[in-house]
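Hi,

Here is the structure I promised to pass on. Have a look at it first, then read my notes below.

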Amino acid sequence: YPGMAASECAPAGTLGSGATCTNLNDCDTGLLCLGTGTCAAVCCGNDDCAIGETCRPLADMSGTPLPNMVGACIRPTSCTPLPNSCPTGQQCQLTGTDGTTDCGGTGTNTEGMPCGGASGGCVEGTGCYGTAGGAASCVRFCHLGVDADCTGGGTCNASGLGSDMFGLCMGG
């Protein structure tokens, strides 16, 4: 179970995907009860999820991702990173190659700092993205075609995120 110090087996419940749950074992086989109180499918990658869902890795109580990238299938919310349209304490992230977005937690790492896993998350206005062959770092969001959104002389790049409105600042 997410948040537990160790894995454990428990009898499956009967609630289906998307149902409201209150206990860890309320959900049917192959599903888990998220901290949001919703049953979601267990996954190891986006191919394990239904169309329109993404596999969000789960972490243990210390924030360390679970082995084998075990996650839960999440249907992303629709949000905008600029201006951030998520609730206080969360920020909008570009989550897939099809332009999907979702609200997620903010961190304390600023633009250019390493991020992800033990390195932590990024401040509002930036997201944690890796470069080909490189480590992930906090990168500033921008409106496509508006290089002025990028501090330090960078350019706004679609970066394979599939959004026709937002990109990531590259270079500079």
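Let's start with T126: setting aside neighbours within four places in sequence, its contacts (heavy atoms within 4.5 Å) are Q91, Q93, N109, E111, C138, V139, R140 and F141. Before going on, a word on the model: it is predicted, so local features need pLDDT of at least 70 and side-chain atom pairs count only at pLDDT 80 or more, while totals for chains, interfaces and linings use all residues. Residues are numbered from 1 along each chain as its sequence is written, and side-chain values use heavy atoms, with hydrogens and water left out.

Is T126 buried or exposed? T126 counts as buried because its relative accessibility is 1% (buried is under 20% relative accessible area, exposed over 50%, partly exposed in between, with a 1.4 Å probe and protein chains only). The T126 side chain also reaches the backbone oxygen of V123, at 2.7 Å.

T126 sits in strand β7, residues 126-130 (strands are DSSP runs of E, at least two residues, numbered from the N terminus). Its bridge partner in β8 is R140. β7 and β8 pair in the antiparallel sense over five bridges (pairing takes at least two DSSP bridges between two strands). Both strands belong to an open, antiparallel sheet of four, ordered β7-β8-β10-β9. The edges are β7 and β9 (155-157), each pairing on one side only.

Y129 is also worth a click: leaving aside neighbours within four places in sequence, Y129 is in contact with L94, V139, F141, L161 and L168, among others.

Cheers

Notes:
A polar contact is a pair of N or O atoms within 3.5 Å; within protein, one must be able to donate a hydrogen and the other to accept it, and residues adjacent in sequence count only if both atoms are side-chain atoms.
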